[in-house]
Amino acid sequence: MVDYDKAADFWVEKDKDSVKMPEEELKKELVAFLQKRQICALATASGDFVRNTAIEYNYIDGYFYLFSEGGLKFKALKDNKHVCLAIFDPVMSFTELHALQVTGVATILEPEDEEYLRIAKIKKLSLEALKKLSHPLHLIKITPTVYDLLESDLKKKGYSSRQELVVK
């Protein structure tokens with residue numbers, strides 16, 4: 001029989017003896033990782049409903065921004081703002097891991113919000129074109145709370161391949 005609690009604590013126990021990166025160095029590593037990629041899997045859930053959506057992201061000033069026309073992810077976001085992003089390379093093995101899991105809280109920005117307008121401008125989305133759409137283009141902003149990086153190349157720098165950053 002599976003001991004779910006023991007399995008859930010696997011990385012907590014293993015990380016007790018791992019070699020951690022200094023926080024500022026880890027932050028630079030995270031930004032470099034995120035700038036090389038643009039697609040994530042956005043996991044949302046509410047009650048017994050779970051959704052996982054492949055979607056483009058922009059990482060700007062420590063936040064994730066995702067434009068979306070809609071979809072079932074909003075069914076979950078209506079009741080539960082807690083989300084998880086997975087960002088990874090398409091080909092991985094146990095010796096070549098390049099993945100990031102981000103836990104965070106989502107908010108929906110309205111088209112009239114200054115922040116929405118700023119991100120649309122960064123993305124080079126025409127405000128006139130956005131206004132002409134038959135339906136609004138929603139902007140999901142994700143405020144990260146925890147980053148879990150799994151990067152094999154960190155071993156070459158003398159660190160454990162798994163690093164965690166809890167946002168304060």
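This is a predicted model: local features need pLDDT of at least 70, side-chain atom pairs count only at pLDDT 80 or more; totals for chains, interfaces and linings use all residues.
Visitor: How many salt bridges does the structure hold?
Guide: A salt bridge here is a side-chain nitrogen of Lys or Arg within 4 Å of a carboxyl oxygen of Asp or Glu. By that criterion, the number of salt bridges in the structure is 12.

Visitor: Which residue forms a salt bridge with Asp 15, and where does that partner lie?
Guide: The closest N and O atoms of the pair are 2.1 Å apart, and the partner of Asp 15 is Arg 162. Both residues are buried (under 20% relative accessible area; exposed is over 50%, partly exposed in between, with a 1.4 Å probe and protein chains only). Helices (H or I, at least four residues) and strands (E, at least two) are DSSP runs, numbered from the N terminus. Asp 15 is in helix α2 (residues 10–15), and 147 residues away in the chain Arg 162 sits in strand β8 (residues 162–166).

Visitor: Is Lys 157, the salt-bridge partner of Glu 29, exposed or partly exposed?
Guide: Glu 29 and Lys 157 bring their closest N and O atoms to 2.9 Å. Glu 29 lies in helix α3 (residues 23–35) and Lys 157 in the loop between β7 (138–151) and β8, so the bridge ties together parts 128 residues apart in sequence. Glu 29 counts as buried because its relative accessibility is 18%. Lys 157 has 46% relative accessibility, so its class is partly exposed.

Visitor: Which residues have the most contacts inside the largest nonpolar core?
Guide: A nonpolar core is a set of buried Ala, Val, Leu, Ile, Met, Phe, Trp, Tyr and Cys residues joined through side-chain atoms within 4.5 Å. The largest one has 26 residues, and the elements giving two or more residues to this core include α3, β1 (39–46), β4 (63–68) and β7. Those with the most contacts inside the core are Phe 64, Leu 66, Leu 100 and Ile 142.

Visitor: Which exposed residues does α3 carry on the face turned away from its buried side?
Guide: In α3, the buried residues are Leu 26, Glu 29, Leu 30, Phe 33 and Leu 34. Seen down the helix axis, they fall within an arc of 130°, so they line one face (the arc is that of the directions from the axis to the C-beta atoms). What covers these buried residues includes β3 (58–60), β4 and β5. The face turned away from them carries the exposed residues Glu 24, Lys 28 and Gln 35.

How values were computed: Residues are numbered from 1 along each chain as its sequence is written. Side-chain values use heavy atoms; hydrogens and water are left out. Contact means heavy atoms within 4.5 Å.
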